[in-house]
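Dear colleague,

I am passing on the structure we spoke about, with some notes on what came out of it. Please look it over alongside the text below.

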Amino acid sequence: MSALELLSAVHAPDGWRCVVGIKNKKVIKKFVASAEEIIEAGKQLVEDGFDAYFACATFEQPTTRSGDNTKEFRALWLDIDCGEDKPYADQRQGVSALKQFCKSSSLPKPTLVNSGRGIHAYWTFKTPVTPALWQPAANRLKTLCEEEFLSADHACTADKARILRLPDTKNFKDPSDPLDVELLYTGEPVDFFELRQALGVLVFKEEIPDFITRQVNELTKALAKNREYHFKNILVKTDIGIGCKQIKFLSENQK
């Protein structure tokens with residue numbers, strides 16, 4: 001898998017993409033429409049001695065790299081720090097810990113990127129999901145890492161607007177010895193809902209519709225006045241609803 005293929009796997013097809021360059025606290029941010037443009041921007045950043053990053057989400061508008069502006073997601077990710085004074089002495093230890101985590105948690109093998117010193121892991125989805133669906137899964141991944149004692153930078157794990165290093169660029173943390181950022185392993189895209197189930201994410205209330213999706217009879221349609229068949233509206237306007245009101249009224253008078 002090339003850097004272009006990784007971006008195509010991580011990014012949803014719709015929305016704006018964001019590439020970021022950082023050098024000596026100077027930050028360059030650019031919104032682009034395609035993965036190819038990220039690759040070209042990354043090459044220019046490296047030539048100018050910048051660390052090159054890309055935002056993992058796509059965005060609604062080419063204005064701000066913020067969580068509120070995110071449009072869709074096609075991956076969960078982890079940033080595992082390795083090296084001196086880090087949770088893992090080297091990348092070998094980091095990868096070993098990640099493998100054990102996947103095994104104990106029954107998670108599929110993720111795509112791995114050598115970030116120069118650490119490891120970035122991506123579980124890519126077959127289809128993109130909304131921020132509302134993504135966030136509980138990302139939060140649960142963060143918690144699961146803590147439960148299974150996998151050390152990762154969890155400011156990154158559940159951050160909707162997170163940027164990670166772009167493969168086929170350089171890590172300039174030590175300008176005298178820049179390190180390659182490169183792909184190590186390609187995992188298979190997974191079904192988001194199966195991954196969510198493996199993580200142990202519970203369905204949350206926003207996913208439960210408040211309208212009746214099955215076919216309804218003509219009387220109910222008339223009672224609902226041909227609007228959406230919201231259960232609360234139908235309940236009030238039918239005998240069931242009247243009965244509920246009567247029960248409530250009687251119970252109040254019996255107090």
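**D51 and its surroundings**

Not counting residues up to four places away in sequence, D51 touches V20, G21, I22, R165, K170, N171, F172 and K173, where contact means heavy atoms within 4.5 Å. This is a predicted model, in which local features need pLDDT of at least 70 and side-chain atom pairs count only at pLDDT 80 or more, while totals for chains, interfaces and linings use all residues. Residues are numbered from 1 along each chain as its sequence is written, and side-chain values use heavy atoms, with hydrogens and water left out.

D51 is found in strand β3 (helices, H or I of at least four residues, and strands, E of at least two, are DSSP runs numbered from the N terminus). With a relative accessible area of 10%, D51 is buried (buried means under 20% relative accessible area, exposed over 50%, partly exposed in between, with a 1.4 Å probe and protein chains only). The side chain of D51 reaches the backbone nitrogen of F172 at 2.6 Å.

**N69 in its loop**

N69 lies in the loop between β4 (58-59) and β5 (70-80), and is likewise buried, its relative accessible area being 7%. A polar atom of the N69 side chain lies 2.8 Å from the backbone oxygen of T64, and, leaving aside neighbours within four places in sequence, N69 is in contact with T58, F59, E60, Q61, T63 and T64.

**Helices**

The buried residues of α2, which are A35, I38, I39, A41, G42 and L45, pack against α1 (3-10), β1 (17-23), β2 (26-32), β3 (51-55) and β9 (169-171). Just after α2, G49 takes a positive phi of about 80°.

The axes of helix α4 (residues 131-147) and helix α6 (residues 192-199) come within 10 Å and cross at roughly 35° (axes are lines fitted to C-alpha atoms, for helices over the stretch in contact, and angles run from 0 to 180 degrees between N-to-C directions). On the α4 side the contact is made by L133, W134, A137, R140, L141 and L144, and on the α6 side by F192, F193, R196 and L199.

**The protein overall**

The protein has nine helices and 10 strands, and 43% of its 255 residues count as buried. Among contacts between residues at least 6 apart in sequence, 66% join residues at least 24 apart.

Key: Polar contact = N/O pair within 3.5 Å; in protein donor to acceptor, adjacent residues only side chain to side chain.
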